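Trainee: Please take a close look at a single part of this structure with me. I would like one connected account.

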Amino acid sequence: MGVVRHVVCAMSGGVDSSVAALLLKRRGYNVTGVFMKNWDPLDERGVCTTEKDCEDAYKVCQILDLPFNQVSYVKEYWHKVFR
C-alpha cells in the first residue's frame with residue numbers, strides 16, 4: 001500500500017501559487033487549494049480586491065481539478081498584524 005501524499009497549497013489567485021499547485025499535482029501529490037481571507041472587503045481601496053483574488057484562486061483550482069477551501073482570518077489579522 002502506497003503512502004498518500006496530500007498537501008494544502010495556499011492559493012493567492014496569482015501566478016506563483018497557481019504554478020506551485022500545478023507542479024505539486026504533476027509530482028503526484030493530492031493537492032487542496034486554500035484561500036486565506038485576511039481582511040474585510042469593506043476596508044479595501046485598491047484594484048486587487050479580496051473577492052477578485054478569491055475568485056481567481058477558485059478558477060485555478062477548477063482548472064486543475066483541485067478541491068478548494070476558503071478560510072477567514074480577518075479578526076486574527078486585524079488584531080495581530082494591524083494593531
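**A tryptophan and its surroundings**

Mentor: Trp78 is partly exposed: its relative accessible area is 43%. That value falls between the cut-offs, under 20% for buried and over 50% for exposed. Keep in mind that this is a predicted model. Trp78 sits in helix H3, which covers residues 74-82. Now look across to Asn38. In sequence, Trp78 and Asn38 are 40 residues apart. In space, their C-alpha atoms are 8.0 Å apart.

Asn38 leads us to the largest pocket. Its lining has 11 residues, and Asn38 is among those nearest the centre, along with Met11, Ser12, Phe35 and Met36. The space inside comes to about 180 Å³. By type, the lining holds 6 nonpolar, 3 polar and 2 charged residues. Strand S2 (30-37) and helix H2 (50-64) each give at least two of the lining residues. S2 makes the largest share, with 3 residues.

Follow S2 into the sheet. The sheet is open, has 3 strands and runs in the order S1-S2-S3, with parallel pairing. Strands S1 (6-10) and S3 (68-72) are at the edges; each has a single partner strand, so one side of each lacks a neighbour in the sheet. From one strand to the next, the twist averages 30°. S1 and S2 pair in parallel over 5 bridges.

Methods. Residues numbered from 1 in each chain as written. Predicted model: local features only at pLDDT ≥ 70, side-chain atom pairs only at ≥ 80, totals over all residues. Heavy atoms only, no water. 1 Å grid on protein atoms, 1.4 Å probe; cavity = no way out; pocket = protein on both sides within 12 Å on 5 of 7 lines; lining within 4 Å. Points joined across faces, edges and corners; volume = space filled by probe spheres on them. Helix = DSSP H or I, 4+ residues; strand = E, 2+ residues; numbered from the N terminus. Nonpolar A, V, L, I, M, F, W, Y, C, P; charged D, E, K, R; others polar. Buried < 20%, exposed > 50% of the residue type's maximum accessible area, 1.4 Å probe, protein only. Pairing = 2+ DSSP bridges. Axes fitted to C-alpha atoms, helices over the stretch in contact; angles between N-to-C directions.
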